[in-house]
Amino acid sequence: MKEAKIIPLTVLQYAKISEDIYDEIERVVHAGIIAAKCVKHPEYGDIILISSTTHADSLMIHF
């Protein structure tokens, strides 16, 4: 199993990472939370972005 890193993101970091995403393969919206599974990010590889629809908080999980 690959080791995952969980990184809190600022709004600017989230926006920058979101710009570079080409292959979003799955998105789930639940209780005001959005989780997007993405592959082939140029810097981080496979990632999961998690953000709130009501707050500016977000996380990135990369493998």
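Begin by selecting strands E2 and E3: seven bridges join this pair, and the two strands run antiparallel. Strands (E, at least two residues) and helices (H or I, at least four residues) are DSSP runs, numbered from the N terminus. Two strands are said to pair if DSSP finds at least two bridges between them.

The model on the screen is predicted, so that local features need pLDDT of at least 70 and side-chain atom pairs count only at pLDDT 80 or more, whereas totals for chains, interfaces and linings use all residues. Residues are numbered from 1 along each chain as its sequence is written, and side-chain values use heavy atoms, with hydrogens and water left out.

**Along the E2–E3 pair**

Select Asp 23 next; opposite this residue, in E3, stands Val 39. Then move to Val 29, whose bridge partner in E3 is Ile 34. Where the chain turns from E2 to E3, the hairpin has two residues between the strands, and Ala 31 takes a positive phi near 50 degrees there.

**From E3 to E4**

The hairpin linking E3 to E4 passes through three residues.

**Cys 38**

Select Cys 38, which lies in strand E3 (residues 33-41). Is this residue buried or exposed? Cys 38 counts as buried because its relative accessibility is 2%; buried means under 20% relative accessible area, exposed means over 50%, and partly exposed lies in between (1.4 Å probe, protein chains only). Show its surroundings next. Apart from its neighbours within four places in sequence, Cys 38 is in contact with Ile 21, Asp 23, Glu 24, Gly 45, Asp 46 and Ile 47, where contact means heavy atoms within 4.5 Å. A distance may also be drawn from Cys 38 to Ile 25: these residues are 13 apart along the chain, and their C-alpha atoms are separated by 5.7 Å.

Ser 51 counts as buried, at 9% relative accessibility. Display its side chain together with that of Tyr 14: a polar contact of 3.4 Å joins the two. A polar contact is a pair of N or O atoms within 3.5 Å; within protein, one must be able to donate a hydrogen and the other to accept it, and residues adjacent in sequence count only if both atoms are side-chain atoms. Not counting residues up to four places away in sequence, Ser 51 touches Tyr 14, Gly 32, Ile 33, Ile 34, Asp 57 and Ser 58.

Ser 58 is the next stop, in strand E5 (residues 58-62). Ser 58 is buried as well, with a relative accessible area of 8%. Which residues does Ser 58 touch, not counting those up to four places away in sequence? They are Ile 7, Pro 8, Leu 9, Thr 10, Tyr 14, Ile 50 and Ser 51.

**The sheet as a whole**

Select the five strands together. They form an open sheet in the order E1-E5-E4-E3-E2, with antiparallel pairing. Strand E1 (5-9) and strand E2 (23-30) are the edge strands, each pairing on one side only.

**The complete chain**

Finally, select the entire protein, whose secondary structure comes to one helix and five strands. Along the sequence, the pattern is β-α-β-β-β-β. The radius of gyration is 11 Å, close to the 11 Å that the globule rule gives for 63 residues, so the protein is as compact as a globular protein of that length. This radius is taken over C-alpha atoms, and the globule rule is 2.2 Å times the number of residues to the power 0.38. The C-alpha trace spans about 30 × 25 × 20 Å along its principal axes. Of the 63 residues, 27% count as buried.
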